[in-house]
Every structure is written in structure tokens, then in C-alpha cells.
Amino acid sequence: MPRPPCHSLPSSPRLPAHLSLLLRPRRSLALSAPAARPVVAPCAAAGHRGENETTPIEKSRVSSPFPTVMDINQIRDILPHRFPFLLVDRVIDYKPGECAVGIKNVTINDNFFPGHFPERPIMPGVLMVEAMAQVGGLVMLQPEVGGSRENFFAGIDKVRFRKPVIAGDTLIMRMTLIKLQKRFGIAKMEGKAYVGGDLVCEGEFLMATGSE
């Protein structure tokens, strides 16, 4: 006797509700899942980069954007300052007896941040002035000027603080010689400090060059 077709087979016993959910086809679950979203690099969007630019933001600049005219060892050979008061990390431009540009990398590990201020780490203005004076010292203590390591910072005038400097900033300081009286060992310098192209501090510095 021939076997009945499959569609005529008796239906299976009715399953309990909790078991029937487990046996539903997977196709119905796939239809209810949201469509996969394209992967977008959040850093690229945050940097407002062009659509044709594919270079990651961390590779968009060279690792050392500033040249090194004097490294920290050469600076230590000129300045008498040591930790925690050596506030110049590198010199990126220098003209003997005329001007110098130095940088200070401001980090949260600087010793003044725990007290200034605990809730808002700001570089003290007096240390910004001190760092600028040290860049000026790199100009005035050179043999071309005939300076001495004994004393070179005599006074400041017309100092203005424009914006706060916080941890993570790179302080770029330019000190330019305005007037030099070699007979009295006195020099007047103009100082300007920048962060990201913005002027944060400026003033006039009186330097006592001393004599050998």
C-alpha cells in the first residue's frame, strides 16, 4: 500500500507555549533586528575633517612639530636653575644676542598643580613670568652678550595675563631684546607667551647681565 504524502501526515501534538517560542524559525528574529549601522570613526568627525581626508588625526602632524635648537642638556649648561624651577624644556628658535623662543610642556605632574588649584589646575602666573625670564636668560647669558650666571632677572613691568594656562598646554615663549646697556650690564626685553597661537601673557623684563 503506498505511503500517504507528507502533507497528509497527522499533525504533531500541540506544544506548551514556553516551548513553542524556542522552536520559532530564526528568520523572524532576524527581521526584527535593527539594520547594522556603518562604522564611523568618532575622532575624524570630531576634528571636522574633509570627506576626502583619510589621515587619522594622530598622524596628521609630525611627532615633533617644533625644531630643536637647544635641547634640555644644552639649556642646563646655560641656566643655573634645576628642578623644580627649571621651566624651559626646549628652545625652538634662537638668534644670538637678539631673541629666543622656548617651550614649556605643561603637565598635570608639575609640582605646583596640587595646590593651584586642586579643583582647577592652572599654571600660576608668577611661574609663567619666571619661565619667560628663563628664556630671556638664554639670550642674555650667552657669550655674545657677555652675561654672567650669577644674576640676570632684575624686574618686570606691564605684565598682562590674557588667558589661563592649564595642564596639557604647550607654552611657547618669545623673548626679544629691545635695549642693551653693556656699560651698566642692563638689558630690556619684551616677552610674549602663547598657547595654540593665542596670546596668554606679555610683559617687559629688565635683565641684569652682570659681567664675567
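This is a predicted model: local features need pLDDT of at least 70, side-chain atom pairs count only at pLDDT 80 or more; totals for chains, interfaces and linings use all residues.
Two peptide bonds in the model are considered here. The bond from phenylalanine 83 to proline 84 is cis, with omega near 5°; proline 84 belongs to the loop that runs between helix H4 (72–78) and strand E1 (90–95). The bond from histidine 116 to phenylalanine 117 is also cis, with omega near -10°, and phenylalanine 117 is located in the loop between strand E2 (99–105) and helix H5 (125–140). At lysine 158, a residue other than glycine, phi is positive, near 55°. Lysine 158 is part of strand E3 (residues 153–161) and counts as exposed, because its relative accessibility of 52% is over the 50% limit.

The count of salt bridges comes to seven. In one of them, the side chain of glutamate 202 meets that of arginine 162, at 2.5 Å from N to O. Glutamate 202 lies in strand E6 (residues 198–208) and arginine 162 in the loop between E3 and strand E4 (170–181), so this pair ties together parts 40 residues apart in sequence. Glutamate 202 is buried, at 16% relative accessible area, whereas arginine 162 is partly exposed, at 48%.

Glutamate 202 also forms a salt bridge with lysine 192, at 2.9 Å from N to O. Here the pair links strand E6 with strand E5 (residues 186–195), the two residues being ten apart. Lysine 192 is partly exposed, with 24% relative accessibility.

Conventions. Residues are numbered from 1 along each chain as its sequence is written. Side-chain values use heavy atoms; hydrogens and water are left out. Helices (H or I, at least four residues) and strands (E, at least two) are DSSP runs, numbered from the N terminus. Buried means under 20% relative accessible area, exposed over 50%, partly exposed in between (1.4 Å probe, protein chains only). A salt bridge is a side-chain nitrogen of Lys or Arg within 4 Å of a carboxyl oxygen of Asp or Glu.
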